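Subject: Structure for you to look at

Hi,

Here is the structure I promised to pass on. Have a look at it first, then read my notes below.

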Amino acid sequence: MASIRKFGTRKLQRGGHTLILGWSPLAIEVIRELTIANENVRNPRIAILAQVSSDQIVSELAQLELGRQRFCVIQGDPTSLADLERAQVLVSNSIVDLNSDFRELEDKAIAQASTHSALAVVVEDLLSFAGDEIYFSRLPALDRKTYADAVLAFNSAAVIGFESGGQIHLNPEATTVLPEGAQIIAVAEDDDRIIYTGIREDALAKLDLTKARTLAQISDSTQGVAELGNVKAKLLAQVSENPSLLGIFENLFDPQKPNLGLVSVTDFCQPDRPIAVADLAVAAISVGYSLIGYFDSASGAVALNPKKSISLNPHQDDALVVIGSFVR
């Protein structure tokens with residue numbers, strides 16, 4: 001059961017919390033996302049610094065199902081240095097400023113999701129803590145290995161790039177060597193599911209870099225504008241947990257950069273013949289794309305981050321969810 005304490009004008013005694021600056025209906029949506037993110041966190045705490053009446057905030061929080069989340073409500077001005085000090089801003093784990101402007105990124109995410117129903121599912125999943133998310137992970141075993149090696153080193157994680165020296169590299173060339181100290185960037189159910197299972201040499205042997213080319217995206221002209229819930233709340237929650245995700249989302253939703261797209265499965269394999277996901281991943285990077293999901297046209301279902309050990313039986317109208325550059 002959630003614990004809610006009013007601090008009034010008193011100072012928090014310790015840090016290690018998520019600090020929300022301000023109060024509005026947006027805060028409720030952010031808190032719902034953070035509550036999901038904190039399900040595996042011991043004694044999760046959220047502090048709220050706002051000029052709104054503490055009684056009002058407590059009343060609104062009390063109406064939510066927030067599990068074992070703990071809240072500290074502080075009366076104050078989020079733009080005041082003194083009040084920020086009372087909220088222990090310098091020792092908070094993360095900060096959510098409700099006044100952050102993500103309008104351009106929100107519009108790009110919605111535009112991306114509106115191209116096809118499958119992409120709407122993928123964008124919603126990546127932005128929400130309820131589904132598979134994007135994580136950074138340090139794996140020394142991949143130092144000086146190639147990007148192709150990294151793609152085939154995890155059964156339950158879809159590698160999409162790497163970070164090195166503060167620079168993000170999404171969907172690099174298959175032969176790109178990961179520098180020492182690099183972090184892989186991967187889509188996974190949780191960070192503890194990014195488990196190194198060894199490079200799939202059997203699949204890697206099928207890499208054929210002579211097939212590289214630029215593909216056309218599949219779109220659905222009947223899709224219309226996608227409904228993604230509160231995109232800003234999801235972005236605020238994700239970026240508060242890891243600020244580096246902002247740059248990744250800006251990349252994934254920008255058609256001028258390697259971004260999310262849907263391409264025909266027939267670009268990678270023969271239809272109606274069983275194929276392992278690991279082999280689909282190799283076929284994708286051979287062409288120049290990073291595989292992150294599969295669209296089953298018969299059911300309309302999207303499998304994000306399918307395990308590489310399973311096999312699929314692709315049909316003519318099925319598609320792969322990939323990251324890469326596309327014909328414009």
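Let's start inside: the largest cavity has a volume of about 80 Å³. A cavity here is a set of points on a 1 Å grid, laid over the protein atoms alone, where a 1.4 Å probe fits but cannot get out. The volume is the space filled by probe spheres set on the points, with grid points joined across faces, edges and corners. There are 14 lining residues, and A158, A281, L291, I292 and K308 are the closest to the centre of this cavity; "lining" means having an atom within 4 Å of a point.

Before going on, two notes on the model. It is a predicted one, where local features need pLDDT of at least 70 and side-chain atom pairs count only at pLDDT 80 or more, while totals for chains, interfaces and linings use all residues. Residues are numbered from 1 along each chain as its sequence is written, and side-chain values use heavy atoms, with hydrogens and water left out.

Which element gives the largest share of the lining of the largest cavity? That is β12, with four residues, while β7 (157–164), α10 and β12 each supply at least two. (Helices are DSSP runs of H or I with at least four residues, strands are runs of E with at least two, and both are numbered from the N terminus.) By class, this lining has 10 nonpolar, three polar and one charged residues. Nonpolar covers Ala, Val, Leu, Ile, Met, Phe, Trp, Tyr, Cys and Pro, charged covers Asp, Glu, Lys and Arg, and the others, Gly among them, are polar.

The whole structure has two cavities of 30 Å³ or more.

Now the largest pocket, with about 710 Å³ of space. A pocket is an open set of points with protein on both sides within 12 Å along at least five of seven lines. Its lining has 30 residues, and A37, N38, V41, F129 and E241 lie nearest the centre. Two or more lining residues come from each of α1 (25–37), β6 (133–138) and α8 (231–241), with β6 giving the largest share, four. The classes are 10 nonpolar, 11 polar and nine charged.

On to the sheet. Four strands form an open, antiparallel sheet in the order β10-β15-β12-β13; two strands pair if DSSP finds at least two bridges between them.

Helix α10 (277–287) lies across β12 and β15, at about 120° to β12. Axes are lines fitted to C-alpha atoms, for helices over the stretch in contact, and angles run from 0 to 180 degrees between N-to-C directions.

Finally, the axes of α5 and α8 come within 9 Å and cross at roughly 45°. The two helices are therefore oblique to each other (under 35 degrees is roughly parallel, over 145 roughly antiparallel, 65 to 115 roughly perpendicular, and the rest oblique). E124, L126 and L127 of α5 meet V231, K234, L235 and Q238 of α8.

Cheers

Definitions and conventions:
Contact = heavy atoms within 4.5 Å.
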